[in-house]
Amino acid sequence: MIDHLIPILAGTLAAATPLVFAGLGELVAEKSGVINLGVEGMMLIGAIAGFAFATQTGGGAGAGLIAGAAAGTLAATLFAILSLSLGANQAAAGLALTIFGIGLSAFIGQSFVSYSLPGLKPLDIPLLSDIPVIGRILFHQDWVVYLSWAVAVIVAWVLAKTRLGLLLKAVGESPESAHAIGYPVIAIRYGAVLFGGAMAGIAGAYLSTVYTPLWVQNMSAGRGWIAVALVVFATWKPGRLMLGAYLFGGMTILQLHAQGLGIRVPSQLMSAIPYAATVLVLVLISRDRKLLQLNLPASLGKSFMPGG
Amino acid sequence: MLTTAPLDHPPPAGEPRLQLLHITKRYPSVVANDDVSLTVMPGEIHAVLGENGAGKSTLMKVIYGAVHADAGEIMWNGRQVHIANPAAARALGIGMVFQHFSLFETLSVVENIALVIGGKFDLPALAERVKSVSEKYGLPLDPGRLVHSLSVGERQRVEIVRCLLQNPQLLILDEPTSVLTPQAVRKLFETLRQLASEGVSILYISHKLHEIQELCDTATVMRGGKVTGHATPRNETPASMARMMIGRELPVCHAEPYTGVSAPVLQVRGLTQPTDDPFGTPLEGIDLTVNSGEIVGIAGISGNGQAELLAALSGEVPVTNDMVRLGDKAVGAMNAAQRRDLGLVFVPEERLGRGAVPSLSLTDNALLTAHRQGMVKNGLVNYGAAKEFATRDIARFDVRTGGAASAARSLSGGNLQKFIVGREIMQTPKLMIVAQPTWGVDVGASAFLRQTLIDLSRQGVAVLVISEELEELFEICDRIAVLAGGKLSEAVPKQQTDAEAIGLKMSGLFADHVSGQSAQGGSHAPA
Amino acid sequence: MHLLEPRANPSVIMRWASPALAVLLTLFVGSLLFIALKKDPLEAFRVFFIDPLNSAYGWSELLLKASPLILIAQGLAIGFKARIYNIGAEGQLIMGAIFGGGVALLFEGTGSSFALPAMVLAGALGGALWGALPALLKTRFNAEETLTTLMLAYVASFLLSWLVSGPWKDPGGMNFPQTVMFAATSQFSMLADGLRINTSIFITLAAVAAFYLFTKKSLLAYAITVGGEAPAAARYAGFSSKRTVWFALTLSGLTAGLAGIAEVAGPIGQLNLNISPGYGYAAIIVAWIGRLHPVGIVGAGLLMALLYLGGEQAQLALQLPAAITGLFQGMLLFFLLGCDAFIDYRLRRRKRRAVVATKPAVPVQEAA
């Protein structure tokens, strides 16, 4: 049984890594009061940019991730101009970004369908990877997985312990008050949104250059949306976000191993499970209105245009 | 009403702390400041007096760097300065206490303060400083408390302490007493006098004449964006200052005694309602009767259950059925639309976004509640009838606007309020509930609105007014109750009470008399 | 960064000029794109916008593609007015197709003339149910409809995929994931020989008229608008927000379901994996470009259908990837949202600060 479980659990970590990146990025954006429904689009743009760059330059996954981050940031800039500078409805602008991202990535990707990349080899962490079972699961991963942990720790630390974190929270609660005491609300929100874009871009590039590693049209397959849902599930807390991401990563992996585990459910219905589970999880969290209201950035989704 | 304390600080002398020279600020539709000049000396308490819309707040924002003037200059301690933003103003030594506080509800007191104070990010050390400064000035604060658990008075303390930690040379207070009980106002004045005696200059913005007379050394009076006079308040009378402020005598309302039949219209019995909102106030055992032909006022500071009581009375949040009766019908479980069908009308405190839809025309906004006046047949709207209704409303209630097609948000606060009040009155109500009838409304429109409410009640309508303005309640009401900490005191005839007694009840002390329990001061007493 | 200032009254001109401006900007950026791809922009636009319409067949294809877009967008627009974002119309379309298609399989071999009406009803029902589910989750459990509708769209597509490759698979279909072809009595009849346009277009026409009357005249439509513009005002007036959620989501599900059955009982004639080229998503754009207005949506739907046809033409004539359609759709929505800012705002006028320096100004460093 253990021998069966180790690859499943180890695979879970890799499968969850895009969700961790994209979810953390969206969490930071939402902390500042901006909901960006364009995560799916930014992931796809990051995926094709990373894949194209890695195959064209031969720079490997590292170069791909950097290109993905840059492309995700650019995509987020489009969203930010619309929703922050021009005051467009955030939900609409995010949707527009997703639709645009699907179209753009498919358009560019058409010339890359036949390429493939080598992916990444697992990197053993000395000593830790020798721990029985746990070592094989946690510390026998590619370096991007470790990077995602570092990002999670940094995001959690910044939010909890620094003036910047306090400021993000303040802007997310009341942009009016933050503006009144002299903080550049729009600039801060730009920063948060662009960070979200970079993270979504990395998430997409990880899919195309490490996880798959191929370009397939629409390859993010709703992961961007699941990341948005995870932020709600996490009640805007990085620790809980990680937990949720691994839960969903596990579900994705499970369908691959279903046959091996003797589960006799048609594969199409197994594939639907993560999406149905997202709905279920949203329902379970959202029904507790008080919990949500205590943690929800109060200005989330409302546009703020400094007057005067 | 309040006794005048002697000034215990030396008269100002030497170089001015702040000089504004010919400040002009234009907005697309209005000149908010037109060639405004004023001088504040060190240690001087200087009033800026004017009614709503006179340009006081814009002027203060110019000083605080939140708004940039189109013309004019600012001299600070004898040197010309350009104040780029609030951080720059704070660096100069200018502190500001906002009218609508600039605090963050989900952050603690010390976190709120840390956002404004520069230097190393060390919350425990800052908490110590907050404690010592707040004790020195008699403004006790617990640095670790979350702001949403503080009363309005305590929040103001946070704002003041936040300014004091930066050793300001000039402190600006924008309408600071509108949220305080008379007792708390007295304590605030003590603190301000102490600061002035230490050499801090104070700019005190208000439209309350007696407060300015009591506290301030000098006054600059503004009207329509211009300075209309400089005065020494102690040498003036309220009437003379009022003339400078509004350009004519203060209008007064007339209330004839009601001679018709008086019968209970609204009866609230044991209204108890927990709240879903983590920042809300639960209601506890509220009893209230409003009779035809009278105006009952509910005094108290917002955040003490006002929003919850209004929601329960209007039907936006239904309660247990027999807790609320309209005439002889129990209506507690009915929703807002059903209660309106029975003759209840309601004017909420938020005019834009609740009482009216900002982006829609006045015709469409007439439809909002008046659609039951024969404007709808088989679910289909007769927009002609709505337009005709809006046009009549505009004419009868003197609404200054381009016409029924104007968007609600293009109207001034006073004119939109007249339109909304008119829309509700024209539905021939049995009961009218009004929240903060004259918030942000100029003196002329305020007088008109108050007289309108009195006239309505004298036609036999029961009127319930919830207001933070004590003077307003004493002017128009027959009986006054106080809502504090989710509990309502008995409504007593206004002749049998005064501002002092009402102020005490606002601190929650009445709980002793009402329920026999210990004082519910708690988090809602501004002490 | 503060480039805009609010207008006192929303600009009526910009409200309608904005979509036109967005189309122009999309064409402009499109030309740059064509130039970058070394194609003559004029030639490309001719292929895109003129060639598809130079035959009766082309016009028939235009209407055939515009019809579901218009139908779905009518329903979505009602919700968008109330700020209820059903973005899973694709899933409701699929459920409509599954329900309606299921009925077609039931009637298989009967030749009954009730087949088509029953299919249409079942399609409407399937879509409406798939829209009502998020409404239940929203009103009862407070779950965001944006996420639930979209997630349910994925679930619906996997359900379809399972049905056509499992229980409903055509035994004689060489193992392709598809059902049998529906009988003629289970299909909308063609309007003309050689053209694919069929009688389902009348459903769309009737819907446009009904939605026009509804939005122009009904109190419910007014209440929905108020709920979107100012939720507090809707509560104040006693308009139930739950009713709005139920109504908007169920109705938009219903129209999407109708579009779904119109597709499978029309040009497709069976259930398979390619019953929609993303109509449910494109209809979101159609609703916005059409200003959420029933007549505006007709124009926007025709435009969007033309983009689909143009994309196909461009693939054939210019060897451009078909995905260029999606790219244009996304750009169009971007530009529309950008232009829409100028309905409520205008550019801030540049002002110069007139400072007469008597003494040197003290530079003040930002402290924060």
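**A buried lysine and its surroundings**

Author: A:Lys31 counts as buried because it has 24 C-beta neighbours inside 10 Å. By definition, a residue is buried if 20 or more other C-beta atoms lie within 10 Å of its own, exposed if 12 or fewer, and partly exposed in between, with C-beta atoms placed from the backbone. This is a predicted model, in which local features need pLDDT of at least 70 and side-chain atom pairs count only at pLDDT 80 or more, while totals for chains, interfaces and linings use all residues. Residues are numbered from 1 along each chain as its sequence is written, and chains are lettered from A and ligands numbered from 1 in the order in which they are written.

A:Lys31 belongs to helix α1 (residues 2–31) of chain A. Helices (H or I, at least four residues) and strands (E, at least two) are DSSP runs, numbered from the N terminus. Leaving out residues up to four places away in sequence, A:Lys31 touches A:Leu159, A:Leu168, A:Lys169, A:Gly172, A:Ala192, A:Trp236 and A:Pro297. Two residues are in contact if their C-beta atoms, placed from the backbone, lie within 7 Å. A:Val193 is 162 residues from A:Lys31 in sequence, yet the two are 10.0 Å apart in space, C-alpha to C-alpha.

We now turn to where chain A meets other chains. The contact with chain B takes 17 residues from chain A and 21 residues from chain B. On the side of chain A that touches chain B, α7 (163–173), α8 (175–180) and α13 (289–295) of chain A each supply at least two residues, and α7(A) gives the most, with six residues. By class, this side has six nonpolar, six polar and five charged residues. Here Ala, Val, Leu, Ile, Met, Phe, Trp, Tyr, Cys and Pro count as nonpolar, Asp, Glu, Lys and Arg as charged, and the others, Gly among them, as polar.

The contact with chain C takes 46 residues from chain A and 47 residues from chain C. On the side of chain A that touches chain C, the elements that give two or more residues are α3 (60–85), α4 (90–109), α9 (185–211), α10 (223–233) and α12 (267–286) of chain A. Of these, α4(A) gives the most, with twelve residues. By class, this side has 33 nonpolar, eleven polar and two charged residues.

Chain B also deserves attention. Six of its strands form an open sheet in the order β6-β7-β8-β3-β9-β10, with mixed pairing. Because β6 (94–97) and β10 (226–231) of chain B stand at the edges, each with a single partner strand, one side of each is left without a neighbour in the sheet. Two strands pair if DSSP finds at least two bridges between them. Within the sheet, β3(B) and strand β9 (residues 218–223) of chain B pair in the parallel sense over four bridges, and B:Ala47 stands opposite B:Ala219 in β9(B). By contrast, β9(B) and β10(B) run antiparallel and are joined by five bridges; B:Val221 has B:Gly229 in β10(B) as its bridge partner. The hairpin of β9(B) and β10(B) has two residues between the strands, and B:Gly224 there takes a positive phi near 55°.

Helix α6(B) lies across β3, β7 and β8 of chain B, running at about 145° to β8(B). Axes are lines fitted to C-alpha atoms, for helices over the stretch in contact, and angles run from 0 to 180 degrees between N-to-C directions. Helix α6 (residues 182–197) of chain B has 16 residues and reaches 23 Å from its first C-alpha to its last, close to the 22 Å expected at 1.5 Å a residue. The expected span is 1.5 Å times one less than the number of residues. Buried in α6(B) are B:Ala184, B:Val185, B:Leu188, B:Leu192, B:Leu195 and B:Ala196. Seen down the axis of α6(B), these buried residues fall within an arc of 115°, so they line one face of the helix. The arc is that of the directions from the helix axis to the C-beta atoms. As a general point, an α-helix has 3.6 residues a turn, so residues three or four places apart point the same way. The cover over the buried residues of α6(B) includes β3 (45–49), α5 (152–164), β7 (170–174), β8 (201–206) and α7 (209–215) of chain B. Just after α6(B), B:Gly199 takes a positive phi of about 100°.
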